Amino acid sequence: MEYIRINENGIHIVFGITEKKQLKLLHFSKAEFCEEDLCKFGPECKAEDLGRKQQFLDEAFQLVQVSLSGYNRPYEKHGNKHIVTAPGYLLTYVGMEDSVNEIGRKLIITQEDREVTHVRVETVMQFYNGTSVVRMFNRVINEGDEVQTLEYLSSFCYTGIEKEGKSNSDAKMRIRIPYNGWQKEMSIKEYTFGDVGLSQTQPGVYQRTSQVLEVTNTGNWSTKKYLPLGYVANTEAHTSLFWQIEHNGSWHYEISDQDTHFYVCVSGPTEVQSHWFKNLAPGESFESVPVAVGVAGDSFEEALGELTKYRRMIRRPNKDDENLPVIFNDYMNCLFGDPTTEKEIPLIDAAAECGCEYYVIDAGWYAPGEWWDSVGEWQECRERFPNGIKEVTDYIRKKGMIPGVWLELEVMGINCDKAKKAPDDWFFVRHGKRVFDRSRYQLDFRNPAVIDHVNEVIDRVVNEYGVGYIKMDYNIEPGIGTEIGAESVGQGMLGHEKAYLAWLDDVFARYPDLVIENCSSGGLRIDYALLSRYSIQSTSDQEDYRNYATIAANAAAGVTPEQAAVWSYPMRQGNKEEVIYNMINAMLVRIHQSGHLAELPQERTDLIKEGIACYKNIRGDIKKALPFLPLDIADNEDLWVCGGLQTDRKAYLAVWKREMEGKNNSRRLKAGTECTDTTLSIPLDSLPFAGKGIQVSCIYPTKEPVIFTVEDRMLKVCFDKPVMARLFEITTV
């Protein structure tokens with residue numbers, strides 16, 4: 001076998017070209033390639049085993065899985081695995097283009113099936129200087145004379161994710177599944193392969209199970225169940241493989257076994273999981289959704305650090321992520337969608353006094369009373385704003401802040417007059433009927449008339465109302481897609497999603513300084529198809545500030561800290577510790593201030609002012625810092641929560657304690673960590689400057705004392721109240 005070795009930015013990639021001219025992806029890791037790892041038949045590999053090894057090399061290790069309708073798949077597979085695809089197993093190697101651009105190295109690998117299906121497949125791999133992440137997608141071109149129906153196309157496929165090291169996968173492999181959900185965003189769980197049904201019965205024994213670990217999203221809420229993120233660690237080899245699917249709709253990845261190895265296949269929509277297929281006419285092509293794939297040590301923190309650097313590289317340049325302004329929004333635990341001029345004025349005064357720089361009028365400004373099923377025209381409501389909403393936005397600017405409003409442009413309520421008059425092709429349709437969800441219709445952005453409608457709204461709120469910030473919400477799930485103008489409902493969905501991204505690009509081209517927040521009932525569309533465009537992401541609709549600590553601590557799993565908007569909403573009947581906790585939730589990300597600020601006593605208002613002032617002092621570090629997880633990921637059941645940010649010379653660490661029903665200390669802590677109901681010790685030795693000596697100070701709040709000590713690179717804190725939080729700064733001596 002002929003090898004092609006690629007070593008770039010700490011990523012070791014090895015391709016093999018067989019005698020049959022088939023291309024195999026044999027290695028993708030932080031560790032260097034060891035050919036012996038391809039043979040998994042125990043310490044003594046017999047002659048017959050070598051023959052089986054060659055058989056496995058022929059059957060597996062495809063770089064691309066591509067499935068077209070109507071073709072035989074001769075090699076054995078079980079269940080719904082996306083392996084042994086046709087013509088995936090028929091492809092032969094044509095060549096590789098190797099170039100360098102302003103971003104980094106770029107490979108374009110071409111394979112083709114000349115004999116049966118007459119398709120060409122191009123794999124594009126873009127490396128990024130400064131991070132161990134490569135961005136990949138595949139393109140299929142029909143070069144034959146017949147229409148071909150595409151049922152599946154991988155964006156990344158790799159067999160042998162467990163092959164490094166001598167012990168079996170049960171002992172060494174760990175997988176993290178990034179659960180996500182309304183008010184429970186960023187909930188990450190770790191499992192062994194055996195925990196998820198992928199136990200290895202015996203090393204070297206040929207396994208052909210039908211069990212597949214599937215992490216899948218179907219629909220337009222891209223993260224309603226999981227983040228589009230995967231992470232697998234090898235604790236023996238001290239390596240990890242991670243990936244991020246950059247798509248705003250249906251996506252899928254799976255892990256299972258094939259020919260004594262384990263594989264991962266990552267893709268966008270599929271026929272089996274998301275009712276998607278695409279007919280390719282002669283000469284037509286289709287491109288898979290992009291996937292970022294990276295390598296690191298067996299450290300989730302390190303993997304997130306590489307992803308954070310990469311996410312910053314692919315993001316649209318914008319002032320919002322450079323300046324990190326403080327935003328007040330009147331919704332959460334405040335006006336809750338019932339704004340009026342009378343209610344807004346005192347809140348505007350209080351927000352300005354506390355140091356906020358944007359002020360957002362949230363839902364309800366466009367309709368009197370109950371408005372849920374009548375939205376869609378987005379005209380100001382004179383019952384709520386007798387002199388017009390511009391009177392309020394002008395007052396916001398007079399107070400030194402930039403005004404914003406809430407919109408949900410992708411939907412129309414079933415009782416919206418414009419929806420009643422619009423033709424059906426404005427909307428998602430299935431079985432000849434408009435698709436309903438929660439008394440709303442889903443607009444189809446492939447329709448030029450829909451684009452005209454939403455552009456009119458954007459132009460009006462920006463140019464007539466003087467808005468500089470839009471909270472773009474999305475509160476429905478239209479399901480598998482639309483049948484209008486598409487071979488499959490999944491393809492209708494995909495076409496809409498691509499059109500939506502193109503529309504966003506056009507909006508930002510017209511209004512480059514307009515800030516648009518990505519909100520979907522909180523964090524139900526945390527994906528980098530959208531976040532490479534949007535500058536800020538709502539992380540949650542979590543209404544209990546104590547539970548928000550978990551989301552804040554784990555936010556880097558989904559989004560860069562400077563894009564992660566976290567609510568801080570001091571309560572009317574709260575106390576000083578409640579205000580502190582609320583502020584610290586948001587102080588290492590983006591502050592979304594809310595709450596009835598005008599009704600709080602002075603001592604609590606002063607804590608808000610101090611928190612915002614502290615944030616303004618450190619936000620220059622936030623935009624360039626990487627995640628710091630000294631106790632690993634946080635869990636919703638934890639009594640103590642800890643998370644922070646680190647640079648080469650400084651770190652910030654938020655520590656929370658919450659005595660609530662169901663919160664306990666059962667989660668595994670690192671060795672040497674002391675944890676009681678009042679005391680927590682936190683190791684700091686992983687910081688890049690820890691070996692030079694460190695000093696720790698509590699930077700917020702400064703006038704509410706807390707007991708803490710630092711010894712042998714261990715921070716020990718004592719929180720004697722039931723609910724407490726503090727923000728620490730860690731520097732070199």
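Colleague: What should I know about the model before I start?
Modeller: It's predicted, so local features need pLDDT of at least 70 and side-chain atom pairs count only at pLDDT 80 or more, while totals for chains, interfaces and linings use all residues. Residues are numbered from 1 along each chain as its sequence is written, and side-chain values use heavy atoms, with hydrogens and water left out.

Colleague: OK, which residues touch the most other members in the largest nonpolar core?
Modeller: Trp-365 and Trp-503, out of 135 residues. A core here is a set of buried Ala, Val, Leu, Ile, Met, Phe, Trp, Tyr and Cys residues joined through side-chain atoms within 4.5 Å; buried means under 20% relative accessible area (1.4 Å probe, protein chains only).

Colleague: And what does Trp-503 touch?
Modeller: Leu-409, Phe-445, Ile-451, Val-454, Asn-455, Ile-458 and Met-472, leaving aside residues up to four places away in sequence. Contact means heavy atoms within 4.5 Å. There's also a second, separate core of 55 residues, with Leu-23 and Val-64 among them.

Colleague: Switching to strands: in what order do β36, β38 and β39 sit in their sheet?
Modeller: β36-β39-β38, open and antiparallel. Strands are DSSP E runs of at least two residues, numbered from the N terminus, and two of them pair if DSSP finds at least two bridges between them.

Colleague: How many bridges join β36 to β39?
Modeller: 5. Leu-680 has Val-717 as its bridge partner, and Ile-682 stands opposite Leu-715.

Colleague: Which residue takes a positive phi in the hairpin of β38 and β39?
Modeller: Asp-712, near 50 degrees; that hairpin has 2 residues between the strands.

Definitions and conventions
Buried means under 20% relative accessible area, exposed over 50%, partly exposed in between (1.4 Å probe, protein chains only). Helices (H or I, at least four residues) and strands (E, at least two) are DSSP runs, numbered from the N terminus.
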